[in-house]
Amino acid sequence: MKIMKKYMKVCFEQNKKAYNISIMKKEMKFAFVKTSPIMVSYFFVSCAYGLVMAQGGFGWVWSMLCSMFIYTGAFQMVLASFFASGAAFVTVILTCVFMAARQIFYGLTYVEDFKKTGKKLPYMIHTLTDETYALLNSITEYPKDMKKENIQFYIQLFSQLSWIAGSVSGGLAGNLIPSSVTGIDYALTALFITIVVDQYRNASNHQPVLIGGICSVFFLITLGSDAFLLPSLLVTSGLLMLFAKIQEGNV
Amino acid sequence: MNHTEAFILVVICACIVFFERSLPWIVFGKKEMPKIVKRLSDLLPASLMVILVVYSLRSLTTSDFHDSFALISASIFTAVFHYYQKNQILSVISGTAVYIILLNAF
């Protein structure tokens with residue numbers, strides 16, 4: 001606990017020393033505006049998560065701890081169902097390894113950016129999720145007088161805070177929803193669908209979407225729902241690099 | 001599953017997730033990232049989200065008609081609804097509501 005508090009203090013001290021409070025406030029405001037859709041979605045989805053956990057017999061403290069230290073929407077939801085059904089250790093761990101494997105790819109885009117946050121790097125790494133990844137990707141322009149890496153830090157921070165808040169709320173409210181009501185966890189799927197629709201609408205090059213979609217559906221059909229994720233990720237990455245090389249060769 | 005086992009799992013999973021998230025920095029942190037990997041990292045976001053949606057819908061291959069119907073209908077609804085009205089929160093809430101209703105009411 002003490003170590004955590006000290007680390008948090010270091011993160012904020014670093015900010016204050018570098019430059020003045022008014023810029024920090026501006027950065028926080030910019031980040032807050034950008035993050036607000038995610039904050040609301042996250043609150044709602046993590047509420048759903050908290051409820052599912054509570055339905056399985058794991059209250060708000062559990063949801064809070066998982067949201068603080070594991071912090072992945074999709075896998076937390078899966079873990080909740082594992083807790084409820086009493087899955088085997090090996091199953092849980094293997095699922096974790098494979099589901100979180102996609103996080104490996106997210107970091108690639110932000111290796112340089114996050115390094116600029118200095119001592120906050122571990123926190124930035126820890127809080128890179130599907131949605132924060134999508135959000136960070138969608139911000140193409142940062143105001144000139146603010147530091148990009150600080151804005152990114154606040155985005156990460158606000159996102160996680162709303163996720164934790166939602167999980168706790170859902171956990172607390174868990175007694176109010178009968179456990180026969182299923183399907184609350186669909187909220188996360190709905191969130192992903194909206195992100196893809198937005199991305200598709202805004203992108204000029206639809207190739208990555210098509211490649212990803214065709215690969216994953218193909219492997220889902222051929223390998224089954226348990227085994228298709230990692231091959232899809234690897235083959236998609238390979239094809240993307242291949243197409244990129246071909247197109248570069250033509251230019 | 002009792003609470004002790006669950007706690008151990010939480011700790012293990014937290015470490016696994018953090019490790020996997022850190023891998024790009026472990027591998028490319030000190031060295032220069034090859035240009036082709038950089039290109040990949042720019043293209044990946046879009047593909048990844050689609051793969052993630054397929055992943056969320058993966059139960060379609062194994063579940064029965066009733067569940068699949070609820071899932072597909074709710075997803076098509078969410079996608080179309082979001083395409084036209086653009087408010088993410090509204091789409092997520094309505095899509096989830098449609099799914100819960102279709103799943104539980106019929």
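The crossing of α5(A) and α1(B) is right-handed, meaning the near helix is turned clockwise from the far one by less than a right angle. In that contact we've got 22 nonpolar, 2 polar and 4 charged residues.

Bear in mind this is a predicted model, where local features need pLDDT of at least 70 and side-chain atom pairs 80 or more, while totals for chains, interfaces and linings use all residues. Residues are numbered from 1 along each chain as its sequence is written, chains are lettered from A in the order written, and side-chain values use heavy atoms, with hydrogens and water left out.

Now the whole interface. On chain B, 66 residues are in contact with 86 of chain A, contact being heavy atoms within 4.5 Å. Together the chains bury about 7100 Å², 77% of it on carbon and sulfur atoms; that's accessible area, 1.4 Å probe, lost on being put together and summed over both. In chain B, Arg21(B), Trp25(B) and Met49(B) lose the most area to chain A.

And how many salt bridges cross between chain B and chain A? The rule finds 0, looking for a Lys or Arg side-chain nitrogen within 4 Å of an Asp or Glu carboxyl oxygen.

Note on methods. Helices (H or I, at least four residues) and strands (E, at least two) are DSSP runs, numbered from the N terminus. Ala, Val, Leu, Ile, Met, Phe, Trp, Tyr, Cys and Pro count as nonpolar, Asp, Glu, Lys and Arg as charged, and the others, Gly among them, as polar. Buried area is the accessible area (1.4 Å probe) that two parts lose on being put together, summed over both.
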